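Hi there,

Here is the structure you will be working with. Have a look at it first, and then read my notes on its domains below.

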Amino acid sequence: MKFLRNQLDKVKHQFEKGGKLEKYFYAYEAMDTFLFAPNTTNEVKGSQIRDAIDLKRLMMTVIIAMVPCLLFGIYNVGHQHFLAIGDAGATLGQKIGVGLWQVLPIVVVSYAVGLGIEFVFAIIRKHPVNEGFLVTGMLIPLVMPPDIPLWQVGVATAFAVIIGKEAFGGTGMNVVNVALTARAFLYFAYPTDISGDVWTYLGDAQVVAGFSGATPLSVAGDASTNGNNVIAALNSFGTGWNEGVFTLQNMFLGFRPGSIGETSTLMCLIGGLILIATGTGSWKIIVSVFGGAYAMGLLLNLVGSTPYTQLPAYYHLVIGGLAFGAVFMATDPVTAAQTETGKWVYGLLIGMFTVLIRNFNPAYPEGIMLAILFMNVFAPLIDYVVVSANKKRRLQRATV
Amino acid sequence: MGKFIRLKKGFTINLKGKAAPKVVETDQPETFVIKPTDFFGLYMPKVVVNVGDTVKAGSPLFHDKKYENILFTAPVSGEVVEVKRGEKRKLLEIKILADKKVEFEVFKKYSVSEINNLGAAEIKDQLLQSGIWPSLVQRPFGVVADPATSPKAIHISAFDTHPLAPDYSILFKGQDQFFQVGVDVLKKLTSGIVHVNTHASSEISTVFSQVKSADVNKFSGPHPAGCVGVQIHHIDPINKGDVVWTINPLGVIQIGKLFLNGVYDTSRVVAVVGSEVKNPQYYKTYTGASVKKFIEGNLNQDHVRVISGNPLTGTSIGKDGHIGFFDHQVSVLPEGDYYEFLGWITPSAKKISFHRALGLLSFLSPASERVADTNTHGEPRAFVQTGVFEQVTPMDVLPTHLLKSILAEDIDEMEALGIYEVIEEDLALCEFVDVSKHKVQEILREGLDLVQQS
């Protein structure tokens with residue numbers, strides 16, 4: 001390690017003020033601080049000791065929490081591929097192989113484009129490279145359909161980082177969730193490429209007879225429009241080629257088509273547990289998103305008239321991307337409500353809006369993305385109310 | 001009647017090198033200093049002594065141009081050997097080469113019954129003349145108390161929860177009578193109550209538990225339960241327009257000695273602590289002592305930082321520095337100017353952390369004492385993580401929003417968010433736990449300055 005440190009120290013002066021490569025200081029710094037925690041010490045006055053945590057470690061914890069979803073996603077992409085082409089005998093290795101072949105390039109493109117832009121902005125704006133993209137770069141692939149063209153991943157990432165984040169001043173300043181911005185960008189810019197049969201990677205292979213690339217949400221929506229029982233429609237879907245794919249249990253486990261990382265509620269919950277146990281994600285938000293969705297489901301059971309509204313409320317918790325959104329998207333501390341009371345309200349409303357959108361907006365079968373983006377925008381308002389209450393308490397105390 | 005207040009939020013930083021419960025009397029340090037920088041709210045100190053003058057304990061060294069009647073006096077007798085100034089001739093310290101035996105300026109002595117009949121004006125005069133007055137700290141802002149005001153209450157925190165903090169029952173052992181008289185004197189300066197705030201879970205020294213004419217409150221919970229600002233918030237919070245005074249027990253005892261014995265006696269016990277001190281223990285000395293005698297030959301290694309005060313709010317003073325006016329603790333920690341390969345991700349149970357993020361394992365064994373160095377453990381970043389400051393601030397204050405309002409220099413917002421209720425030490429834990437490594441205490445002081453100037 002000493003050798004590496006010496007090499008870095010040898011070139012360091014070139015990047016420092018007055019050096020030949022002064023312009024690229026922050027690019028150098030990003031590399032240096034990645035390899036070695038810096039030797040900076042605390043100020044003469046003030047806190048002489050500091051907690052061992054830093055933003056890099058915090059972000060890394062979130063990435064670790066996403067690993068179950070990523071690994072399962074890789075497997076599931078392969079699994080769904082072989083089911084769709086009618087090859088039920090494919091081995092685990094083959095499935096993982098196909099999954100890796102499909103998922104890894106998306107991850108690589110997402111990181112390469114995003115980090116590239118981060119470095120460019122860091123150099124131009126003369127600020128340190130922020131670690132926020134380490135998480136965003138992993139979130140983006142996990143919310144992409146497995147069949148997405150790589151150039152679209154690149155364009156969406158670029159849009160999200162530049163317009164979604166850097167335009168606001170970089171990590172910590174953005175208003176809406178960066179990864180969801182990427183997803184929403186694709187949703188609105190290339191609607192045909194992010195709906196229909198994209199949820200299963202097919203490749204050049206011939207699909208099995210009876211194959212349909214529909215998602216459980218669209219199956220549920222269609223059934224409801226036609227006045228059919230939603231659960232029956234979900235349970236009978238996939239007959240002949242992917243038996244029981246949309247049963248409650250199967251959707252909870254995640255062996256179904258969908259975005260790469262979002263299909264398994266179980267894996268999301270494991271990730272959620274990691275976030276909560278390590279204190280990196282707000283348990284209040286996670287719990288309240290689920291709670292809000294469940295409450296709204298119950299409410300619709302009471303007042304609704306369509307078969308969709310009669311869907312048992314717990315279905316909403318495992319169907320679609322609610323779990324992934326609740327655990328990894330809604331908990332983004334920068335774009336969520338920042339007050340503790342606000343977090344409850346914020347999560348609750350995300351859950352409620354998600355189910356509302358699912359039920360009443362046939363144009364958007366999945367509500368979680370829009371619900372979170374919507375609440376991202378409203379989070380400052382929630383905080384404003386909470387902070388005002390704090391100020392009011394102080395004022396009342398003075399006048400009593 | 002005292003209150004019992006249970007605090008839940010906070011974090012006690014458990015460091016290695018706590019002082020053994022023994023007070024050592026060694027040769028006294030040669031030099032003592034008074035640093036105007038220890039006091040907030042001064043406009044411009046005016047020095048009234050010259051190098052070469054001899055002074056007694058209690059002889060004036062300087063006063064401020066804003067409050068000419070507040071005298072800052074010599075803690076010991078001896079010869080003024082240096083008037084140190086910094087940039088723009090800013091007065092940094094006045095150094096005294098101490099006599100072998102301390103000689104005192106003579107102030108008026110009173111009997112206990114005479115003290116009971118004293119008026120506020122007489123008391124103030126005596127306090128101002130002797131140099132004890134600057135021990136009185138005014139909230140809001142944590143500045144030297146204004147003699148023209150009368151506070152709504154006076155608060156004395158009778159315990160310290162900072163890392164490596166000394167045990168007050170050792171620091172103030174046997175000072176019961178002086179403390180009582182000090183409280184009696186203070187009582188005459190306020191129309192309200194004198195609060196003595198003690199720690200519920202440890203055995204309370206009789207100095208505090210037996211005190212009369214004051215409310216003895218009890219607090220339980222982790223640091224910052226010992227911070228007087230937190231205590232005030234729960235007993236009788238500061239609102240806009242309120243003035244509250246705080247004073248540490250040492251100041252109270254000095255007041256007692258001043259009125260009973262007629263001297264400004266700054267003798268005190270300080271704890272020399274920290275992982276790098278061979279024999280962490282207590283030493284008897286006077287205010288403003290040079291640390292040299294206490295640490296020479298008493299260190300485990302050479303590459304250390306010597307801190308006047310505790311590791312959370314203290315000041316680095318160097319190996320031949322002097323202890324600050326308000327500090328009763330010298331902490332010696334390893335200097336942290338080293339690189340650590342992949343230090344941002346390697347798991348460690350040694351590094352102390354409030355967090356439980358990946359690889360930070362100190363939460364598994366909170367009872368074991370750890371070594372903390374002065375490394376920043378990361379680089380400054382924008383605010384990202386939320387909700388952490390709130391977990392270490394046992395007050396109905398929103399630290400993140402308050403700090404942001406200071407960064408935005410929005411004075412109305414600062415007032416509304418409660419800047420009157422806090423000073424640096426109350427939010428020092430926020431600086432420690434901050435993922436984004438903000439200089440919380442420095443920012444807060446900027447805010448306090450801004451509000452005062454407005």
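Domain bounds here come from an automatic or database domain assignment. This is a predicted model, in which local features need pLDDT of at least 70 and side-chain atom pairs count only at pLDDT 80 or more, while totals for chains, interfaces and linings use all residues. Residues are numbered from 1 along each chain as its sequence is written, and chains are lettered from A and ligands numbered from 1 in the order in which they are written.

Let's start with chain A. Its assignment gives domain 1 (2-35), domain 2 (67-199) and domain 3 (264-387). Taken over C-alpha atoms, the centres of domain 2 and domain 3 of chain A are 21 Å apart. Between these two, 13 residues of domain 2 are in contact with 16 residues of domain 3 (contact: C-beta atoms, placed from the backbone, lie within 7 Å).

Which elements give two or more residues to the domain 2 side? They are α3 (55-84) and α7 (178-189) of chain A, and α7(A) has the largest share, with four residues. Helices are DSSP runs of H or I with at least four residues, numbered from the N terminus. That side of domain 2 of chain A has nine nonpolar residues, three polar and one charged. Nonpolar means Ala, Val, Leu, Ile, Met, Phe, Trp, Tyr, Cys and Pro; charged means Asp, Glu, Lys and Arg; the others, Gly among them, are polar.

Now for chain B, which is divided into domain 1 (4-261), domain 2 (337-372) and domain 3 (376-454). The centres of domain 1 and domain 3 of chain B are separated by 26 Å, over C-alpha atoms.

Happy exploring!
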